[in-house]
Amino acid sequence: MSRDTLAATFESGYHTCTNGVHVPTEPYVSRDRVFRFGPFELSEREGELRKSGVRIKLQEQPFRVLVELVANSGRLVSREDLHQKLWPSDTFVDFDVGLNSAIRKLRQALNDDADHPHYIETLAKRGYRFLAPVTEIGAKGAEQNPQPTSDVATASDTSLLTSSASASPVHAGGSSTRRRVWIAAGTVVAAIVAMLVFWLNRPGGLPIVEAVTQLTDDGEPKSYATKIVTDGVRVYFNEGTYGSPRIAQVAVTGGAVAAVPTAVVAPRILGLATEGSALLAKSGAFSSVPNPLWQIPLPTGEPRRIGTIDVQDASFFPDGRILFARKGDLYVAEKDGSNPRKLVSVEGVIRQPSISPDGQRLLFTVWSGIPGIPISIVESMADGSSLHAIVNTSDSGRVCCAQWSPDGKYILFQRRHEGRRDLWFLSMRPGFLQRVHQPIQLTNGPLSYTFPVMSGDGKQIFALGIKERGELVRFDVRANQFLPFLSGISAFNPTFSRDGNWVAYTSYPDHTLWRSRSDGSERYN
């Protein structure tokens, strides 16, 4: 009996993710009411509080208190009622301390003031009253789109394993002989095609891509886990193997790629100082977040550790202050990393923070913690107020990685759909009667384009171009090596008929389902 291993390998800048989105459950909830008040939406069943579409971090007990208050808007909810409903007699917790703590956390989440309340009013020694008008919209209807509970074996923009594989036995064989074939789907890191520049034109105010120019051709893999930045003369980016990234540069007109020497170990670019004098970078393995933050002088110089703060992502304010993210929290610190202050707290993970050129507005992407799927691009004021989602992940694609245009009037972001990433453009200026502008698609393949950044004059976009393909291979035990299967076609997820005479697979990256004979003949979709 022989055993072959059949594997689909993918050349891509991203990796396969095999976990699902976690949807919290709240066992104490018996109804599926949804309440709206001001910019907030409160869902009992999902155990969620959202502000302008952005999930607000809230623990279970404060959430339960909020449901009681909102459900009885305008009426006194006594401390005794809350005690009986939410603090069972067998709970060994000081009720007064617990309730006071819950109310304090609610006011923080709602940005409310105990002395001048907009939402929760304290009635001394009696209880609390919810002040804001509340609309109860009942059970969530078809218009609501909860996150799926699983997303098995789909590509994710943040899954950063060097390889990922899952195997399951599939029987194939003829009437006289049966053999066991192990199907394995894996992702292999391969070189990014090139650094690209897009030349823009805006006839009638609408941007279009006039031309695409390849800037690099050095054969080195480009890192897909950090930013691209430009000072108008050179473009800075990461390249090298996954575990040992280095900083490289190329002229905005293309040409030879040169290294940026630094003593920082495994530096990953996060930002560029306004005057172009230094790079902001974190050091260490990507999997060991948060990481130390460094300022690396340009063109050369001794790097400087920025305080003692550790980050998962960061960026410079125009005045040199540091905006940085840890898990679901966004902070601002002084230039030297001192005096860190929390601005925003959301449910999920904050990545790709970006500050408008005037320093007044922030952008960032909220990702699910596991498996790391982008949920929405969020905007707020520089002090963390006016938090709201501006673009959401949907059936039409996953969105992330927004960057401001130099004049602050537009943002660039990427959307992934059916295995390809394209660049999109969105006006941030209010339209007539505050009309919300619709995103404009700038690219439509054939490559995937990621991590865009605009030139200072707004006429060019620099981005990474990725060519994605797969190769179907089998492992030959006698030869002790992988050999092409079905001529090494670009495909994945092969599965055989019971008699072993037919095979079905999905072509990559266009995700078309095909069927053929096991020898590759009689192929059709």
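## Aromatic pairs

Rings of Phe, Tyr and Trp (its six-membered ring) pair if their centres lie within 6.5 Å, and planes under 30 degrees apart count as stacked, over 60 as edge-to-face and the rest as tilted. By this rule there are nine aromatic pairs. Phe37 and Tyr119 form an edge-to-face pair, 5.8 Å centre to centre with 65° between the planes. Phe37 lies in strand β3 (residues 34-37) and Tyr119 in the loop between α3 and β8 (120-123), 82 residues apart.

The rings of Tyr119 and Phe130 are tilted, because their centres are 6.1 Å apart and their planes stand at 35°. Phe37, Phe40, Tyr119 and Phe130 form one aromatic cluster.

## Basis of the model

This is a predicted model, in which local features need pLDDT of at least 70 and side-chain atom pairs count only at pLDDT 80 or more, while totals for chains, interfaces and linings use all residues. Residues are numbered from 1 along each chain as its sequence is written, and side-chain values use heavy atoms, with hydrogens and water left out.

## Burial

Buried means under 20% relative accessible area, exposed over 50% and partly exposed in between (1.4 Å probe, protein chains only). Phe37 is buried at 1%, and Tyr119 is buried at 12%. Phe130 is buried as well.

Definitions and conventions
Helix = DSSP H or I, 4+ residues; strand = E, 2+ residues; numbered from the N terminus.
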